[in-house]
Amino acid sequence: MDNNKKVWFITGASKGFGLSLVKQLLDAGQLVAATSRNQQELIDAVNIQSNNFLPLQVDLVNESSVSLALQHTHEAFGRIDVVINNAGYGIGGAIEELTDKETRLAFDVNVFATLNVIRFVMPYLRKQRSGHIINISSIAGIAPGTGWAIYGAAKYAVIGLSEVLAADVKSLGVKVTVVAPGAFRTNFLTPDSLTLTSTPIEDYEDVRASHAKYLKMDGEQAGDPEKAAASIIKIAGEDNPPLYLLLGGDAYNRALNKLDTLHNEIREWQDLTCSTDFEYDLSNS
Ligand SMILES: NC(=O)c1ccc[n+]([C@@H]2O[C@H](COP(=O)([O-])OP(=O)(O)OC[C@H]3O[C@@H](n4cnc5c(N)ncnc54)[C@H](OP(=O)(O)O)[C@@H]3O)[C@@H](O)[C@H]2O)c1
């Protein structure tokens, strides 16, 4: 399948990856519905007048707002081919430094919004017997960093739900990819997007050092968002897209290190792990 005039639905599109995706797709003549918390900001940021562009003001945490947005998209363009669950933000702090409210909001936007979109787009995709759902997770969903437990947990959730979704919808002709970017030069690390605990506890020196390291990286991240957007668009044109797509050399290295660590630890504790079976022959290990 090539990318000839597909209908795209992209969340969180007024900046960063979402904005780069919308602009590249419109330039390529694609039909694009995009969501933002602020429709006017989205229109201004995209700055392209075209009947191919449907800017939508959506509260992704609200089921009826999401359902309506997908209905509008389907009415406007007659189908939905590629769904990119992109909206999300980073949240930093040791677990006890973040309130229940802050923690739940991060899950609402990073996880439950994605579930809302999937829940309401699947009826269209099932009927079509086609479609590609692309969920933006993070390398933090594979190898999270010190001080980012809640962000890591949310992005792990996105990977977990994507893996099972892929299996659940395969026979319906729907494809799923989960994208795990490393550090990219978007608005992600700016105070506009990032939430850091407002009640730091002095004991967490490593957490503070990790946050300082990330904040210093803002504007100097190795990853180019335009290239990330182009790579995401490329996989949507593949007949056999990957379930996992890592983006960035840092993501690649962190993921491989994590796999080595995981592999080594699983092997190191094999006997204790397997000894819990009713019968296990330790001499086979
Ligand atoms: N940049 C990186 O280094 C990096 C690395 C790994 C993963 N990611 C992931 O990539 C995705 C896009 O991030 P980005 O790097 O492009 O960052 P960005 O420039 O800050 O853009 C984030 C987008 O997400 C939406 N968003 C942010 N907070 C939101 C909230 N509270 N409620 C609803 N929507 C919200 C915004 O949409 P509106 O303002 O238009 O509503 C915004 O357009 C996120 O899921 C992020 O976790 C980024």
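## Before we start

Since this is a predicted model, local features need pLDDT of at least 70 and side-chain atom pairs count only at pLDDT 80 or more, while totals for chains, interfaces and linings use all residues. Residues are numbered from 1 along each chain as its sequence is written, and side-chain values use heavy atoms, with hydrogens and water left out.

Helices (H or I, at least four residues) and strands (E, at least two) are DSSP runs, numbered from the N terminus.

## The open pockets

Rolling a probe the size of a water molecule over the atoms shows where empty space is left. The work is done on a 1 Å grid over the protein atoms alone: a cavity is a set of points where a 1.4 Å probe fits but cannot get out, a pocket is an open set with protein on both sides within 12 Å along at least five of seven lines, and lining residues have an atom within 4 Å of a point. Grid points are joined across faces, edges and corners, and a volume is the space filled by probe spheres set on the points.

The largest pocket holds about 1,100 Å³ of space. Its lining takes in 49 residues, with Gly 88, Tyr 89, Gly 90, Phe 188 and Ser 193 nearest the centre. Helix H4 supplies the largest share of that lining, four residues. By class, the lining of the largest pocket splits into 22 nonpolar, 18 polar and nine charged residues (Ala, Val, Leu, Ile, Met, Phe, Trp, Tyr, Cys and Pro count as nonpolar, Asp, Glu, Lys and Arg as charged, and the others, Gly among them, as polar).

Next comes the second largest pocket, with about 240 Å³ of space. Here 13 residues form the lining, and Ile 142, Tyr 244, Ala 255, Lys 258 and Leu 259 sit nearest the centre. Helix H8 gives the most to this lining, with six residues. The classes for the second largest pocket are 10 nonpolar, one polar and two charged.

Thr 35, in strand E2, is buried, with a relative accessible area of 0% (buried means under 20%, exposed over 50%, partly exposed in between, with a 1.4 Å probe and protein chains only). Leaving aside residues up to four places away in sequence, Thr 35 touches several others, including Thr 11 and Leu 60; a contact means heavy atoms within 4.5 Å.

## The aromatic pairs

Searching the whole structure turns up three aromatic pairs. Phe 17 and Phe 184 make one that is edge-to-face, at 5.3 Å centre to centre and 70° between the planes (rings of Phe, Tyr and Trp, its six-membered ring, pair if their centres lie within 6.5 Å; planes under 30 degrees apart count as stacked, over 60 as edge-to-face and the rest as tilted). This pair joins distant parts of the chain, 167 residues apart: Phe 17 is in helix H1, and Phe 184 in the loop between strands E7 and E8. Phe 17 and Phe 184 are both buried.

Tyr 151 and Phe 188 form a tilted pair, with 5.5 Å centre to centre and 50° between the planes. Tyr 151 belongs to helix H5 and Phe 188 to the loop between E7 and E8, 37 residues apart. Tyr 151 is buried, at 8% relative accessible area, whereas Phe 188 is partly exposed, at 27%.
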